[in-house]
Amino acid sequence: MIPGVDGFMYPNEVELQWSVLIVLYPYITGLVAGAFILASLERVFKVEAVRPTYRLALLTALAFLLVAPLPLQLHLGHPERSMEMYLTPHTSSAMAMFGFVYLWYLMVVLLLEIWLEYRTEIVGLAQSTTGLKRWIYRVLTLGSYNVSPAARLMDDKVGYAVTVIGVPSAFLLHGYVGFIFGSVKANPWWSTPLMPVVFLFSAMVSGIAAVMVLYVVCMKLRKTPIDMRCLDTIARYLFYTFVIDFTLEMLDLVHRTYESDESFRSLDFMVHTRLLFSHVILQIFLGTLVPLFLLAANQLWRYSAAKRKAMYMTAGVLTLVGIFAMRWNVVIGGQLFSKSFLGYTSYKMQLGEREGLVAAILLMLLPLVVFFVLVKLLPPWQGGKTHQA
Amino acid sequence: MDISRRDIFTVGGKLLILASVGATLRQITGAEPPSDAYRMADHWWGMIVDIDKCIGCGSCVRACSKENNVPQGYFRTWVERYQIGDQIKEVRQPHVESPNGAIDGFPPLAPTDGKSFYVPKLCNHCADSPCVQVCPVGATFVSPDGVVLVDQTYCLGCRYCVQACPYGCRYLHPETQTVDKCTLCYHRITKGLTTACCENCPTGARLLVDFKNPKDPVHEILRTNMVQVLKPYMATGAKVYYEHLDGAVR
Amino acid sequence: MLMRRLFRDSAHLIRPALVLIAGMAIFLVVRSAIIPKAFGQYGHYRPGALDLVRQHPIAFAGQETCVMCHDDQATARAAGKHAHVACEACHGPLAQHADDPAAHVPKLPDVADLCRRCHEKDAAKPRNFPQVATAEHSGGAPCNACHQPHNPHL
């Protein structure tokens, strides 16, 4: 009798291969994609109301994108060989090709867009600051100090084009992560064409919720009044996206239950036992139904600004927890049952080791530190500057 | 550069002399030419497992473990024992066990209703291997002679292949921190030996086969027996064929 | 005039492009230097990996090697029911012994455990395979008190 194992598992299946760090990775890249989509709402889809969060969303995306490879590096048996993915990428491997999608998104979309957006301020700060900061800004100018109105118009035009390319790139970024799981035919919990779509929409939900929560927190810290029109609009788009996400997840559930293939009994039992808390309570009830209700209530009835803020913040935080639970249920859940459909194992999460809980918590806090540094370096607070393009 | 007839004769003559000297020397010393006699293109390896012959002694598991220094608790091959009760009403569900991969055999089973049997398992060395498909760097591959191998100096230890294998035959080696699995004793079969598991199976339940060898018994076995691969619907091109396999085997 | 002005106002866009191109160029140069030799010769992998696997030391010599010296045991075995049981299935891996017989003297296996692993009565074993309930079979005597391991049939 192996501790933690019920029934029969193939002998090599007992130990989980992908730990909480691999739960973190799709969560972080999801926040990136979602934050960027929120930014593109203003830039491309002309939802002018969310303008106050445009720069904030871009910095959020960058902070999380920079940290995203770290859980992977900690997980690898040989992180020193990770460059091999760029040297000899296996084109049939979604994981290898994702490395290039990541690079593309980081360099050609996100960094470029941020540079174009902030160029005026960077040039100004390069001339006004002193010491180390002056050097940093001078490097960031890439040597050009042209901030004439015509040049700025050109920046807006090109920035618009970059955002237009960025929307499908963000879809690709997180859809690909979903495909990494969805294309594994050996695992019936993962293998479905819905996986990239579900990942994408849950990414959008988590990213929008993250920017919303960060916006409220930042405004509170800076003792600045919150633009309620902006917040209401973000909450509205969060609601729409959530409805689509919930529909897709329910579709997957109903389809599985109805078709009831050979894996169904085993998976159903797993959800009702080992995943009861994380799936039914955290993901579905607290993480989806409660936020949906809170957001829907604001579409049906009018509440005071204070009440709305409280409801949005509660919904936002619950959403962030719920989407993390969703990633947990996919990654960990997919390894808890045996591919023989005759048994289950348990995940013994380590504590202080390389792939342990402490590492996971630190890696979730690190993007906030990076975000703080970015906010200091490239302040996102400007009043009323709209894009001309 | 112009090559004249004279040049051809000169060079040709020299080569002829060298060749004949070499051939003579070979006959005198009786030494083998220093070329590797094993040619990958001549072989396409697989295995036949006969369920009716397996006695669950675990000799194969022990032999593999010793031949390949398999770390304790991990298995390149293992044996499962199936017990399927008589079907009365519900769905036919087997009871399966594999105590420590059957490295010490099994505790004896008292007679029960229904039936019971042993199933040895190993890497199926799939021709359309899903594990090779997902490797991001090319650390695991199908060799030209049909063996799925891992490059221990190149593997990142990402474990995507472990997730992609439908048969559960891969594991992360705790010391090398790279993925490891059955190599079909590649180091033995390329030298004319058989695998450690086939060598040590006392009943001949496991048999190494070479599909490209016209004299190999595999062709007669496949012609005269009903055979199956594990999880055929996965379409992995598995090359381990099971004789007398029950449909309940997972 | 218009073209020159257009160029002047968008010239700064060349800079990030140059950074990107420079990065890609450096990457390609570094890649060609450190990519493993002959990678891709047979497929998307390092051909040296095949040699690496083949270099693994051999632990089991194989029956044909044992028989070269121990032909009396081999003859006894060939006449009996254990004809198809490999020497090393009971005696363990002996390639080292075959290479240097004096330096590596094999230890004879513990008879009881060894015989029991195959011949203990078990419902899952094929019915025609010789198996006994060893506790009742010999009254505590070791298996080789009556059965000669190389030719066990009585």
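**Exercise 1. Is Ala57(A) buried or exposed, and how many other C-beta atoms lie within 10 Å?**

Before the solution, a word on the model. This is a predicted model, in which local features need pLDDT of at least 70 and side-chain atom pairs count only at pLDDT 80 or more, while totals for chains, interfaces and linings use all residues. Residues are numbered from 1 along each chain as its sequence is written, and chains are lettered from A and ligands numbered from 1 in the order in which they are written.

*Solution.* 
- Step 1: recall the cut-offs. A residue is buried if 20 or more other C-beta atoms, placed from the backbone, lie within 10 Å of its own, exposed if 12 or fewer, and partly exposed in between.
- Step 2: apply them. Ala57(A) has 29 other C-beta atoms within 10 Å, so Ala57(A) is buried.
- Step 3: Ala57(A) belongs to helix 2 of chain A, residues 54-67. Helices here are DSSP runs (H or I, at least four residues) and strands likewise (E, at least two), numbered from the N terminus.
- Step 4: find its partners. Two residues are in contact if their C-beta atoms, placed from the backbone, lie within 7 Å. Setting aside neighbours within four places in sequence, Ala57(A) touches Ala35(A), Phe36(A), Leu38(A), Ala39(A) and Val211(A).
- Step 5: From the C-alpha atom of Ala57(A) to that of Thr129(A), 72 residues apart along the chain, the separation is 25 Å.

**Exercise 2. Describe the overall build of chain A, then that of chain C.**

*Solution.* 
- Step 1: count the elements. Chain A has 14 helices and two strands, whereas chain C has nine helices and zero strands.
- Step 2: look at the extent. Along the principal axes, the C-alpha atoms of chain A fill a box of roughly 70 × 55 × 35 Å, and those of chain C one of roughly 110 × 40 × 25 Å.
- Step 3: For the 389 residues of chain A the rule gives a value near 21 Å, and the chain has 22 Å, which agrees. For the 154 residues of chain C a compact globule would have a value near 15 Å, but chain C has 34 Å.
- Step 4: check burial. Buried residues make up 45% of chain A and 19% of chain C.
- Step 5: check contact range. In chain A, 80% of the contacts between residues at least 6 apart in sequence join residues at least 24 apart. In chain C, residues 24 or more positions apart account for 54% of the contacts with a separation of 6 or more.

**Exercise 3. How do helix 8 and helix 9 of chain A cross?**

*Solution.* 
- Step 1: find the geometry. The axes of helix 8 (residues 194-221) and helix 9 (residues 228-259) of chain A come within 9 Å and cross at roughly 155 degrees. Axes are lines fitted to C-alpha atoms, for helices over the stretch in contact, and angles run from 0 to 180 degrees between N-to-C directions.
- Step 2: name the arrangement. Angles under 35 degrees count as roughly parallel, over 145 as roughly antiparallel, 65 to 115 as roughly perpendicular and the rest as oblique. Helix 8 and helix 9 of chain A are therefore roughly antiparallel to each other.
- Step 3: sort the contact by class. Ala, Val, Leu, Ile, Met, Phe, Trp, Tyr, Cys and Pro count as nonpolar, Asp, Glu, Lys and Arg as charged, and the others, Gly among them, as polar. The contact of helix 8 with helix 9 of chain A has 18 nonpolar, two polar and three charged residues.

**Exercise 4. Which residues of chain B meet its two partners, by number and class?**

*Solution.* 
- Step 1: take chain A. Here 34 residues of chain B are in contact with 29 residues of chain A. Helix 4 of chain B gives the largest share of the chain B side, four residues. That side divides into 21 nonpolar, nine polar and four charged residues.
- Step 2: take chain C. This contact involves 41 residues from chain B and 32 residues from chain C. Helix 2 of chain B gives the largest share of the chain B side, four residues. By class, that side has 18 nonpolar, 15 polar and eight charged residues.

Note on methods
Rg over C-alpha atoms; globule rule 2.2 N^0.38 Å.
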